[in-house]
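Q: Before we look at particular features, could you take me through how a model like this should be read?

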Amino acid sequence: MAVSNSFCFQVLCFGLYMVYVSYQNMMEALGGGMGQQHSSQQFAAVPPKPVLIIDENFKRVHHENAENLFKPILEADYFLYDIENLDDVEEEGEYANVKALFCKLDWTKQKQTPNLVPRYGDIANQQWKVCKNDVSVSLRTIVRKARRYDEANPTKVHSLKEAGFIYHESRSGSTLAANMITVADPEANRVYSEPLPLSNAAMTGNEKLVRDVMYMLGRSNNFNEKRVFYKMRSTLTRHMSLMPQDVPWIFLYRKPEEVILSHFDPTEIDKIVCLSSRNKPHKHEIEMAAQFGKEHESLSQSGICAMRLYSIVQSAIDEHNRTKNGYFLNYESLPSSVW
């Protein structure tokens, strides 16, 4: 059944009003100079020049043992952990010249103690001495070769079943939910928590790029692994339509004022996450500000955070009404609602 306008008003709109009005004074009390644009990086350092670079036609190879280094990607020993060169990718049609970075990762610690390495990027950080010796190739070419390899070698590599997506408002229990799925069956479940390559692909709006990235992320040479789950960044709720429509998803939410407040750390007021898009707001945030008769650039800091949250929640409601394939879970229902 579709989510009603009454539900939207009671759960969301009143809370946004509380955020926009009640916390204006609190934001001003914290200081008007906060909210410098903050970019969150998943990796601790920029990797050095890759040991292997192959272009779209496999003509440019910079390593005497190129074939030996290329082999682990096809055999699913190396994992896709980032993509680059996305500036020219358009929303429609084919993409070109996207570079894919791979490295060998050990998932053992994440599967056994996901609370210590909750994000996909944390796995690479924990193994940086190994991961810095990465392999860089053309994404479009490696996907084509991987598909052919997988078809020819079904006893060596298989594709994990896409079992679910976790979306959220942020600070609403998504990491707990992802970790619970991991420990529920660590041998069978692979959980990507905010994987950088999928995040970057989704932000281009190119569905072909998204699906190719997911194909590479979902390959495994461990036949005990059966399923793959993705916990997405909160703002990627606005890109849900790019994901496979037959895969179920959950959306975690809590009281809007609690979400906004949880972002405010008076000791780090220049790193408030909900203000990160202040200088380049998403089109939905601009449109929703207009619904309140406001120009986005004229909004206060609390107003910017409110519009960001409004945009995320409304995107989840719209997708649910369109596909009927999602579930809304209240933060206060955790952890029992996940089980």
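A: Let us begin with a definition: a salt bridge is counted when a side-chain nitrogen of Lys or Arg lies within 4 Å of a carboxyl oxygen of Asp or Glu. Please keep in mind throughout that this is a predicted model.

Q: Which residue forms a salt bridge with Glu-207, and where do the two partners lie?

A: Side chains of opposite charge can pair when their charged atoms come close. Here Glu-207 pairs with Arg-211, and the closest N and O atoms are 3.1 Å apart. Both residues belong to helix α10 (residues 207-217), where they are 4 residues apart, about one turn of the helix. An α-helix has 3.6 residues a turn, so residues three or four places apart point the same way. Glu-207 is partly exposed, with a relative accessible area of 38%, and Arg-211 is also partly exposed, at 28%.

Q: How many salt bridges does a search of the whole structure find, and which parts does the pair Glu-84 and Lys-99 tie together?

A: The search finds 14 salt bridges. In one of them, Glu-84 meets Lys-99 with 3.2 Å between the closest N and O atoms. Because Glu-84 lies in strand β2 (residues 78-84) and Lys-99 in strand β3 (residues 99-104), this pair ties together parts that are 15 residues apart in sequence. Glu-84 counts as partly exposed at 28% relative accessibility, and Lys-99 is partly exposed at 22%.

Q: Is the salt-bridge partner Glu-194 buried or exposed, and what does its pair with Lys-231 tie together?

A: The side chains of Glu-194 and Lys-231 form a salt bridge of 2.9 Å, N to O. Glu-194 lies in the loop between β7 (189-193) and α9 (196-204), whereas Lys-231 lies in strand β9 (residues 227-231), so the pair ties together parts that are 37 residues apart in sequence. Glu-194 is buried, with a relative accessible area of 8%, and Lys-231 counts as buried at 2%. A network of salt bridges also links Lys-111, Arg-190 and Glu-225.

Q: What is the order of the strands in the open sheet of 5 strands, and which strands stand at its edges?

A: Strands of a sheet pair through backbone hydrogen bonds, either parallel or antiparallel. In this open sheet the order is β7-β9-β6-β10-β11, with parallel pairing. β7 and β11 (326-330) stand at the edges with a single partner strand each, so one side of each is left without a neighbour in the sheet. Neighbouring strands are turned by 20° against each other on average, direction ignored. Within the sheet, strand β6 (residues 161-168) pairs with strand β10 (residues 249-253) in the parallel sense over 4 bridges, and Ile-166 stands opposite Ile-250 in β10. Helix α13 (residues 301-323) packs on the sheet, where it touches β6, β10 and β11, and its direction makes about 145° with that of β10.

Q: Which residues of helix α12 are buried, and what do they pack against?

A: In α12 (residues 283-291), the buried residues include Glu-285, Met-288 and Ala-289. Seen down the helix axis, the buried residues of α12 fall within an arc of 105°, so they line one face of the helix. They pack against α13, whereas on the other side of α12 Lys-283 and Gln-291 are exposed. Gly-293, which follows α12, has a positive phi, near 70°.

Q: Where does pLDDT stay under 50?

A: Where pLDDT is low, the predicted coordinates should not be read in detail. In this model pLDDT stays under 50 over residues 4-61. The chain averages a pLDDT of 81, and 76% of the residues score at least 70.

Conventions: Residues numbered from 1 in each chain as written. Predicted model: local features only at pLDDT ≥ 70, side-chain atom pairs only at ≥ 80, totals over all residues. Heavy atoms only, no water. Helix = DSSP H or I, 4+ residues; strand = E, 2+ residues; numbered from the N terminus. Buried < 20%, exposed > 50% of the residue type's maximum accessible area, 1.4 Å probe, protein only. Pairing = 2+ DSSP bridges. Axes fitted to C-alpha atoms, helices over the stretch in contact; angles between N-to-C directions. Contact = heavy atoms within 4.5 Å. pLDDT = per-residue confidence, 0-100. Arc of directions from axis to C-beta.
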